[in-house]
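Open the model in your viewer and keep the sequence panel beside it. The tour moves from one selection to the next.

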Amino acid sequence: LSPDGKLEQFWAHVRGMLGLTAAEMRAVVARWPSLLSSVNVETLDFQLRLLDLELGLSGRELGAMVKRQPLILSCSLQKLRANLATLRRAFAPLPRGEHRLRVAVLHHPALLAYNPATLAAKLADNAEALGEACGLSAGEATGVLAASPTLLSSSPGRLARTAAVLRDRGGLAPDD
């Protein structure tokens, strides 16, 4: 508790922006206590507004993202912008690319917490590995990653091995 009550006012403002109750906010902080020291209070409002403007997320959707991945509150504006730009470039050629971007970030907010260079490399490497292993075009492989962003947490080698096992067990030819 702060003597002047400003910290409490700030967190009440954040709760309001995120559409979270006091109990939900306490649960987020209990899950990620370092949040209190790692969040830059001067830029947090801008970060949340950026996500709202870029993705058109409601306060409740932002709150759901924070509950899934509180770490996104400690990301810098530069990191958020860089990761959104990387994901937008990757998903733009896909049908309904903006919608896919929004859904991917909403359901997998950790995408925004990656190091921007790591995110770009993982998108490129894993799309290439999926494409080679499954006979997909670059766009099709990126579409698979967009549909299931958790695949970004796998290494390209593991994706290729998994695809080979599925082909072998399913009796599929490499081109299937």
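Select Q69. At 16% relative accessibility, Q69 counts as buried, because buried means under 20% relative accessible area, exposed over 50% and partly exposed in between, with a 1.4 Å probe and protein chains only. Q69 is found in the loop between α5 and α6. Helices here are DSSP runs of H or I with at least four residues, strands are runs of E with at least two, and both are numbered from the N terminus. Now show what surrounds Q69. Leaving aside neighbours within four places in sequence, Q69 is in contact with R31, W32, P109 and A110. Contact means heavy atoms within 4.5 Å.

A word on the source. This is a predicted model, in which local features need pLDDT of at least 70, side-chain atom pairs count only at pLDDT 80 or more, and totals for chains, interfaces and linings use all residues. Residues are numbered from 1 along each chain as its sequence is written, and side-chain values use heavy atoms, with hydrogens and water left out.

**The whole chain**

Zoom out. The chain holds 10 helices and zero strands. From the N terminus on, the elements run α-α-α-α-α-α-α-α-α-α. The C-alpha trace spans about 70 × 30 × 25 Å along its principal axes. Of the 176 residues, 39% count as buried. Take the contacts with a separation of 6 or more: residues 24 or more positions apart account for 73% of them.

Select residues 22-31, helix α2. Which residues of α2 are buried? They are E24, M25, V28 and V29. These residues cover an arc of only 140° around the axis, which puts them on the same side of α2. The arc is that of the directions from the helix axis to the C-beta atoms. Turn to the other side of α2: R26 and A30 are exposed there.

Next, select residues 59-68, helix α5. The buried residues of α5 are L62, G63, M65 and V66. Seen down the axis of α5, these fall within an arc of 160°, so they line one face of the helix.

Show both helices together. Two packed helices are described by the angle between their axes and the distance between the axes. The axes of α2 and α5 come within 9 Å and cross at roughly 30°. That makes α2 roughly parallel to α5. Angles under 35 degrees count as roughly parallel, over 145 as roughly antiparallel, 65 to 115 as roughly perpendicular and the rest as oblique. Axes are lines fitted to C-alpha atoms, for helices over the stretch in contact, and angles run from 0 to 180 degrees between N-to-C directions.

The crossing of α2 and α5 is left-handed. A crossing is left-handed if the near helix is turned anticlockwise from the far one by less than a right angle, and right-handed if clockwise. Colour the contact residues. E24, V28 and R31 in α2 meet R60, V66, K67 and R68 in α5. By class, this contact has two nonpolar, no polar and five charged residues. Ala, Val, Leu, Ile, Met, Phe, Trp, Tyr, Cys and Pro count as nonpolar, Asp, Glu, Lys and Arg as charged, and the others, Gly among them, as polar.

**Helices α6 and α7**

Move on to α6 (residues 77-91) and α7 (residues 97-107). Their axes come within 9 Å and cross at roughly 135°. That makes α6 oblique to α7. The crossing of α6 and α7 is right-handed. On the α6 side, pick L87, R88 and F91. On the α7 side, pick G97, E98, R100, L101, A104 and V105. The residues of this contact divide into five nonpolar, one polar and three charged.

Select N126, in helix α8 (residues 116-134). Is N126 buried or exposed? At 0% relative accessibility, N126 counts as buried. Not counting residues up to four places away in sequence, N126 touches L145, L151, L152, S154, S155, P156 and L159.

Go to S38, in helix α3 (residues 35-38). S38 is partly exposed, with a relative accessible area of 33%. Draw a distance from S38 to L87: their C-alpha atoms are separated by 25 Å, at 49 residues apart along the chain.

Finish at E8, in helix α1 (residues 6-18). E8 is partly exposed, with a relative accessible area of 29%.
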